[in-house]
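Trainee: I've got this model open and would like to talk through its pockets and helix packing. Can you walk me through it?

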Amino acid sequence: QEQGITHYYEGGDCGVEHTLLPERGLVGPGDVVIGADSHTCTYGAVGAFSTGVGSTDMAAGMAKGMAWFKVPAAIKVELKGQLHKPVTGKDVILHLIGEIGVSGALYKSLEFVGDGVKSLTMEDRLCICNMAIEAGAKNGIFPVDEITEAYLKGRSQRPWVKYEADPDAEYERSIVIDLDALEPTVSYPHLPENTHLAKEGKDIKIDQIVIGSCTNGRIEDMEAAYEILKGRHIAKGVRGIIIPATMAVYKECILRGYTEAFIDAGCIVSTPTCGPCLGGHMGILGDGERCIATTNRNFRGRMGHVDSEVYLASPYTAAASAITGYITSPEEVVK
C-alpha cells in the first residue's frame, strides 16, 4: 500500500496466488512470467511461458524487467481420446509423472498437444501445468484454443499474443497419453512419481482429506467434491478440510449450496489459504497420520510430522476416500 502497488490483495480480497492471477486476468497468452514460487508454471495453461525463479532472479526481474534463461528443450505430450469423469486433469498429470519420474523433464518444456486437449477444461489445464515442476520441467504449456479464448473473454486485462510451435519444431522426446484409458490415480509417499490406481488403495486407511490448494482449489474442483459429498457424511475418525482457493470461489460455493453441503458432511470449510499444503496451518499432520490431498507435493514432512504420509489425488478421489475412510476410487461411491 505504501508503494502504491496496483495488484495488491489482502483480507477479504485475498486468494492463493496461482489461482488468483488467472482468475483476475493478470496473465495471458504470450506473457513471460516469473515468480518466486516453483508453481508459477501454472500459467502455461493460458499459453504463457511461466516459471519459478530464485529470490535473486526475482529481485532482478522486479528492478530491471528482465531475466536470463537457457532456452529449454521441449517434450511433446500428445493427448489422445477424451477425458471422462471422474478422471480429471489431476489424474493426467499424476499419470505422466508416474511414467517419466520427478526428473523426467528436468529443465525441459512440457508441451501438451493433440486432439485430446479440447476435452480438457481450463481447470484441468491449470492443474496440469501447475504440476509440471513435479516432473522437473522448466514450464508446461498448452495451445491457445477456443476454450482458452472463452476463459479470457471479459477477464484478460490487456491485449494478448497467440504463439504456436513451428510445423517443423524439434522435440527431444514424444509421449502419448490415451485419455480414454486413464483411471483415477493416486501418488503415494514420498514422491509424486510413486503412482498407483486409486482402486488399489483399499488397505490404506486415512486420517484426513484436504481439497484445495493452487492445484485443485477452483470452482470445478469444489463441484467435484460436492458431487461426492452431497447428502453423505465423512467416515468416523476422518477430518475433512475443504479450502476454496480464492474469495470468488469461496462466494460461489456459498451461492451454489456447496458450503452447506460440505459442512453437513462433517467437513471444515476454510477461507482461501495454502493452509496445510506446505505445512502452514490447518490440518497439520501428526506422527503416523495419513492424508489424501489434492495438493501438489507429498515429500516427507511436507504437511507436518516427518513420519506422516501424504497421498496426492483428484478432488473426486479425495472426497470418495473421505466417505469410506480409506483410499477409494470415486466410481465406488458415485450415486
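Predicted model: local features only at pLDDT ≥ 70, side-chain atom pairs only at ≥ 80, totals over all residues.

Trainee: Which element gives the largest share of the lining of the largest pocket?

Mentor: That pocket is lined by 37 residues, with Glu111, Ile141, Tyr163, Glu164 and Ala165 nearest its centre. Strand E4 (109-113), strand E5 (139-141) and helix H5 (146-152) are the elements that give two or more residues to this lining. The largest share is four residues, and they come from E4.

Trainee: How many charged residues are in the lining of the largest pocket?

Mentor: Go through the classes of that lining: there are 20 nonpolar and five polar residues. The charged ones number 12.

Trainee: On to the helices: is H7 roughly parallel or roughly antiparallel to H10?

Mentor: The axes of helix H7 (residues 219-229) and helix H10 (residues 315-324) come within 8 Å and cross at roughly 30°. Angles under 35 degrees count as roughly parallel. Therefore H7 runs with H10 roughly parallel.

Trainee: How many nonpolar residues are in the contact of H7 with H10?

Mentor: On the H7 side you'll find Asp221, Ala224, Ala225, Glu227, Ile228 and Leu229, which meet Pro315, Tyr316, Ala319, Ala320 and Ile323 in H10. Two residues of this contact are charged and no polar ones take part. The nonpolar count is nine.

Trainee: Which residues in H8 does H7 meet?

Mentor: The axes of H7 and helix H8 (residues 247-256) come within 10 Å and cross at roughly 35°, and the crossing is right-handed. The residues of this contact divide into four nonpolar, no polar and three charged. From H7, Ile219, Met222 and Glu223 take part, and in H8 they meet Val249, Glu252, Cys253 and Arg256.

Notes: Residues numbered from 1 in each chain as written. Heavy atoms only, no water. 1 Å grid on protein atoms, 1.4 Å probe; cavity = no way out; pocket = protein on both sides within 12 Å on 5 of 7 lines; lining within 4 Å. Nonpolar A, V, L, I, M, F, W, Y, C, P; charged D, E, K, R; others polar. Axes fitted to C-alpha atoms, helices over the stretch in contact; angles between N-to-C directions. Parallel < 35°, antiparallel > 145°, perpendicular 65-115°, else oblique. Contact = heavy atoms within 4.5 Å. Left-handed = near helix turned anticlockwise from the far one by under 90°.
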